[in-house]
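Visitor: I have a chain on the screen and would like to go through it piece by piece. Could you take my questions as they come?

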Amino acid sequence: VVLAFAVVLPSAFGQINVLTNKMDNARTGQNTAETLLTISNVTPNRFGKQFATSVDGYIQAQPLYMSALTVNGATRNVVFVATLHNSVYAIDADTGAQLWQVNFGASVPSATEGCSGVTGFNEIGILSTPVIDAVTKTMYVTAKTYAGGVAAYSLHAIDVTTGQEKFGGP
């Protein structure tokens, strides 16, 4: 699966963080602080694909975004992507470079969950959008795993700068 990002030039520095599904706790989907995208500059000549990055499964969850995050010793704008294969990726939002990737274990075959009619989806892993606590730099993710014939959800708290589990989780 390839993930493509479209952005308006110049770079996305200083943009508002997207830390939860649809932008805010009210789930409005609005970015009332938007300053770069306007009707006059979102044109075929100024807006388009910046890069494509491969990931290990389908994406059902909304990607999240944090600006000016220190990862691997450098300040970066970061997009976080979760897949149905139970992986979370941190991707440099300006270059498309993968910063880290973590996998939470075997996803559940969709046929065992009665979802065999869902076109293209052969597994169920991370379905819902994670949430990021910017103060503690913690991402909370639910992953559905399959081991020993048993499917179960687990809640993971991971450090957004490294992808490592926090608090002895899951």
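Visitor: Leaving aside neighbours within four places in sequence, which residues is aspartate 159 in contact with?
Guide: The model is a predicted one. Aspartate 159 lies in strand S11, residues 150–159. Methionine 139 is 20 residues from it in sequence and 6.4 Å away in space, C-alpha to C-alpha. With neighbours within four places left out, the contacts of aspartate 159 are Trp100, Lys137, Gln164 and Lys166.

Visitor: Which elements make up the protein chain, strands or helices, and how many of each?
Guide: From the N terminus on, the order of elements reads β-β-β-β-β-β-β-β-β-β-β. The count for the chain is 0 helices and 11 strands.

Visitor: Is strand S5 enclosed or open, and how many of its residues are buried?
Guide: In a regular strand, side chains alternate between the two faces of the sheet. On one side of S5, Ser87, Tyr89 and Ile91 are buried, and on the other Val88, Ala90 and Asp92 are buried as well, so both faces are covered. Strand S5 (residues 87–92) is therefore largely enclosed by the rest of the structure, with 6 of the 6 residues buried.

Visitor: Which residue stands opposite alanine 90 of S5?
Guide: S5 pairs with strand S4 (residues 74–82) in the antiparallel sense, over 5 bridges. The two form a hairpin with 4 residues between them, and asparagine 86 in the turn has a positive phi of about 70°. Opposite alanine 90 stands phenylalanine 80.

Visitor: And which residue of S6 stands opposite tyrosine 89?
Guide: Strand S6 (residues 98–103) and S5 also pair in the antiparallel sense, over 5 bridges. This hairpin has 5 residues between its strands, and glycine 96 in the turn has a positive phi of about 85°. The residue opposite tyrosine 89 is glutamine 101.

Visitor: Which residue forms a salt bridge with aspartate 92?
Guide: Side chains of opposite charge can pair when their charged atoms come close. The structure holds 1 salt bridge. Aspartate 92 lies in strand S5 and its partner in strand S4, so the pair ties together parts that are 16 residues apart in sequence. The closest N and O atoms are 3.4 Å apart, and the partner is arginine 76.

Visitor: Is aspartate 92 buried or exposed?
Guide: The cut-off for buried is under 20% relative accessible area. Aspartate 92 has 6% relative accessibility, so it counts as buried.

Visitor: Which elements give two or more residues to the largest nonpolar core?
Guide: This core has 31 residues, and Phe80, Val88, Trp100, Phe104, Ile132, Met139 and Ile158 touch the most other members. The elements giving two or more residues to the core are strand S3 (64–71), S4, S5, S6 and strand S10 (138–147).

Visitor: Which residues form a nonpolar patch on the surface?
Guide: One member is valine 131, which lies in strand S9 (residues 131–133). At 35% relative accessibility, valine 131 counts as partly exposed. Together the patch members have about 400 Å² of accessible area, and they are Val131, Tyr140, Leu155 and Phe167.

Visitor: What share of the chain's accessible surface belongs to carbon and sulfur atoms?
Guide: Buried residues make up 39% of the 170 residues in the protein chain. The accessible surface of the chain comes to about 8800 Å², and the share belonging to carbon and sulfur atoms is 56%.

Terms used
Residues are numbered from 1 along each chain as its sequence is written. This is a predicted model: local features need pLDDT of at least 70, side-chain atom pairs count only at pLDDT 80 or more; totals for chains, interfaces and linings use all residues. Side-chain values use heavy atoms; hydrogens and water are left out. Patches are made of residues with over 30% relative accessible area and no salt bridge: like charges are joined within 9 Å, nonpolar side chains (Val, Leu, Ile, Met, Phe, Trp, Tyr) within 5 Å. Accessible areas come from the Shrake-Rupley method with a 1.4 Å probe; for residues, only the protein chains shown count as cover. A salt bridge is a side-chain nitrogen of Lys or Arg within 4 Å of a carboxyl oxygen of Asp or Glu. Buried means under 20% relative accessible area, exposed over 50%, partly exposed in between (1.4 Å probe, protein chains only). Two strands pair if DSSP finds at least two bridges between them. A nonpolar core is a set of buried Ala, Val, Leu, Ile, Met, Phe, Trp, Tyr and Cys residues joined through side-chain atoms within 4.5 Å. Contact means heavy atoms within 4.5 Å.
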